[in-house]
Amino acid sequence: MRKLHHFTVAAACSVIASISIVHASEGNVSAQACAARDLKVVTLIEQRGEAHSLPAEELADAFFKTMDARRACNDGRFEEALAIYSRVIARLNAAAP
């Protein structure tokens, strides 16, 4: 009976450890997605600013929304952050020169 208890405890610890690893790697992937989208947005803001294809107010709005997305990423709200980035990218792409 004692061997079965040790096996059960070891199995439970294994499952808990693997769940933690999966969640950590999911967070890392999401953080990488946030970083990639952030870079894309910053690049687009710079391009639109240099091309004067958007008014300064709209570029500023895109920047502030990017800051909202960064905060969401930092708080672990990756889906929300990626949605914000997607909206900003779509708006900036619509103003392509």
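On a 1 Å grid over the protein atoms alone, a pocket is an open set of points where a 1.4 Å probe fits, with protein on both sides within 12 Å along at least five of seven lines. Grid points are joined across faces, edges and corners, and a volume is the space filled by probe spheres set on the points. The model shown is predicted, so local features need pLDDT of at least 70 and side-chain atom pairs count only at pLDDT 80 or more, while totals for chains, interfaces and linings use all residues. Residues are numbered from 1 along each chain as its sequence is written, and side-chain values use heavy atoms, with hydrogens and water left out.

**View 1. Overall arrangement of the protein.** The secondary structure consists of three helices and zero strands, in the order α-α-α along the sequence. Helices (H or I, at least four residues) and strands (E, at least two) are DSSP runs, numbered from the N terminus. Of the 97 residues in the protein, 22% are buried; buried denotes under 20% relative accessible area, exposed over 50%, and partly exposed the range in between (1.4 Å probe, protein chains only). Among contacts with a separation of 6 or more, 66% join residues 24 or more positions apart, where contact means heavy atoms within 4.5 Å.

**View 2. The largest pocket and its lining.** The largest pocket holds about 160 Å³ of space. Its lining, defined as residues with an atom within 4 Å of a point, is formed by Leu 54, Glu 58, Asp 61, Ala 62, Lys 65, Ile 84, Arg 87, Val 88, Arg 91 and Leu 92. Helices α2 (56–74) and α3 (78–94) each supply at least two of the lining residues, and α3 gives the largest share, five residues. By residue class, the lining comprises five nonpolar, no polar and five charged residues. In this classification Ala, Val, Leu, Ile, Met, Phe, Trp, Tyr, Cys and Pro are nonpolar, Asp, Glu, Lys and Arg are charged, and the others, Gly among them, are polar.

**View 3. The largest nonpolar core.** A nonpolar core is a set of buried Ala, Val, Leu, Ile, Met, Phe, Trp, Tyr and Cys residues joined through side-chain atoms within 4.5 Å. The largest such core has 17 residues, and those with the most contacts inside it are Val 41, Ile 45, Tyr 85, Val 88 and Leu 92. Each of α1 (2–51), α2 and α3 contributes at least two residues to this core, with the largest share, six residues, coming from α3. Apart from neighbours within four places in sequence, Ile 45 is in contact with Leu 59, Ala 62, Phe 63, Thr 66 and Leu 92.

**View 4. The surroundings of Thr 66.** Thr 66 belongs to helix α2 and counts as buried because its relative accessibility is 1%. A polar atom of the Thr 66 side chain lies 2.8 Å from the backbone oxygen of Ala 62. Leaving aside neighbours within four places in sequence, Thr 66 is in contact with Asp 38, Val 41, Ile 45, Tyr 85 and Val 88.

**View 5. The side-chain pair of Asp 38 and Arg 70.** Asp 38 lies in helix α1, whereas Arg 70 is placed in helix α2. With a relative accessible area of 14%, Asp 38 is buried; Arg 70, at 28% relative accessibility, is partly exposed. The two side chains make a polar contact at 2.6 Å, the term denoting a pair of N or O atoms within 3.5 Å; within protein, one must be able to donate a hydrogen and the other to accept it, and residues adjacent in sequence count only if both atoms are side-chain atoms. Beyond four places in sequence, Asp 38 is in contact with Thr 66, Arg 70 and Tyr 85, and Arg 70 touches Asp 38, Val 42 and Tyr 85. The C-alpha atoms of Arg 70 and Ile 84, 14 residues apart along the chain, are separated by 9.5 Å.

**View 6. Asp 68 on helix α2.** Asp 68 is a residue of helix α2 and is partly exposed, at 35% relative accessibility. Its side chain makes a polar contact with the side chain of Arg 71 (2.5 Å). Asp 68 and Tyr 85 are 17 residues apart in sequence, with a C-alpha to C-alpha distance of 9.2 Å.

**View 7. His 52 in the loop between α1 and α2.** His 52 is located in the loop between α1 and α2. Although not a glycine, His 52 has a positive phi of about 55 degrees. At 69% relative accessibility, His 52 counts as exposed.
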